[in-house]
Amino acid sequence: GDLKARVSGYYTRIYDQSKVISYYDDVASTYTNFAMSGIDKLHFGLEAAVSIPLYKTLFLNGAVSWGQYTYDSNPYYVQTQDNSQLLISSGRVYWKDFRVESTPQTAVNVGLSYRSNNNIYLSADFNYYNNMYLSMNPIYRSDAVLTAGATPASIAELRHQEKFDSAYTLNASVGKNWYIHRKYTLGFSLEVKNILNNQDIRTGGYEQMRLRENEETTSTTYEKFDSKYFYMFGTTYYLNVYFRF
């Protein structure tokens, strides 16, 4: 086989998205609708892939994806009481230059693949992920939290965006097919994901919209509720048996 390589880049601007979040506001003691408009995003990055023949049908494959996905505006918001539409607050959400959530912005894949003359195929690959961020609560990044008792340190703590730890996984697969009378195909494929059974890998998550008053201070300040996280499954197996005619 021949060496194959590809390099590409991208630059994407997204304008004027909107979003409505409905939740219970602990401070206002009512269900509310939090509507944002004018959400702009900027995505750019590079992707590269290579396939290198090592011996006959044994290949070394690699791919790298690096990107930077950020919010590119400070959207407007209006928060109203559910059903009555009574205005609770309005203003700007200071999201500009924060990272877009829930997707790794750096990813690397390195693997081996092999296919024999009698249609047996094998593969194993290593995956690395980094630069993945928690979904943000817009209230934390608005003037609504600028109370008389707020300090620069407390505001910075509220507005800090959590970055997940980097992670890696190992996967493997095996398969084979048989041709029957040159007319039918019988085959199977078995794939094993997350061979190392690492169940601590965070794949996403979000800050709760809820906000509560800090009872340990004499003047009004706010503190976060705990964030929620999603985790990768442990070792999983996928067996596919097929018959084509």
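This is a predicted model: local features need pLDDT of at least 70, side-chain atom pairs count only at pLDDT 80 or more; totals for chains, interfaces and linings use all residues.
Me: How are the rings of Y184 and F243 arranged?
Reply: A search of the whole structure turns up 12 aromatic pairs. Rings of Phe, Tyr and Trp (its six-membered ring) pair if their centres lie within 6.5 Å; planes under 30 degrees apart are stacked, over 60 edge-to-face, the rest tilted. Here the centres are 5.6 Å apart and the planes at 20°, so the pair of Y184 and F243 is stacked.

Me: How far apart in sequence are the parts that Y184 and F243 tie together?
Reply: Strands (E, at least two residues) and helices (H or I, at least four) are DSSP runs numbered from the N terminus. F243 is partly exposed, at 46% relative accessibility. Y184 lies in strand β9 and F243 in strand β14, so the pair ties together parts whose separation in sequence is 59 residues.

Me: How are the rings of Y206 and F230 arranged?
Reply: Their centres are 6.1 Å apart and their planes at 45°, so this pair is tilted. Y206 sits in strand β10 and F230 in strand β13, 24 residues apart. In short, the answer for Y206 and F230 is tilted.

Me: Which residue has its charged end over the ring of Y76?
Reply: A charge sits over a ring if NZ of Lys or CZ of Arg is within 6 Å of the ring centre and within 35 degrees of the ring normal. At 4.0 Å from the centre of the Y76 ring lies the charged end of R92.

Me: Is S142 buried or exposed?
Reply: S142 is found in the loop between β7 and α1. Its contacts (heavy atoms within 4.5 Å) are Y77, R92, Y94 and R159, not counting residues up to four places away in sequence. With a relative accessible area of 0%, S142 is buried.

Me: Which residue in the turn between β2 and β3 has a positive phi?
Reply: Strands pair if DSSP finds at least two bridges between them. β2 and β3 run antiparallel, joined by 14 bridges. They form a hairpin with 2 residues between them. The residue with a positive phi, about 50°, is K56.

Me: Which residue meets D26 in a salt bridge?
Reply: A salt bridge needs a side-chain nitrogen of Lys or Arg within 4 Å of a carboxyl oxygen of Asp or Glu. The structure holds 6 of them. D26 has its bridge at 2.9 Å, N to O, and the partner is R210.

Me: How far apart in sequence are the parts tied together by R210 and D26?
Reply: R210 is partly exposed at 33% relative accessibility, and D26 is partly exposed at 24%. R210 lies in the loop between β10 and β11 and D26 in the loop between β1 and β2, so the parts tied together have a sequence separation of 184 residues.

Me: Are E207 and R141 buried or exposed?
Reply: E207 and R141 form a salt bridge, with the closest N and O atoms 2.9 Å apart. E207 is in the loop between β10 and β11, and R141 in the loop between β7 and α1, 66 residues apart. Both E207 and R141 are buried.

Key
Residues are numbered from 1 along each chain as its sequence is written. Side-chain values use heavy atoms; hydrogens and water are left out. Buried means under 20% relative accessible area, exposed over 50%, partly exposed in between (1.4 Å probe, protein chains only). Contact means heavy atoms within 4.5 Å.
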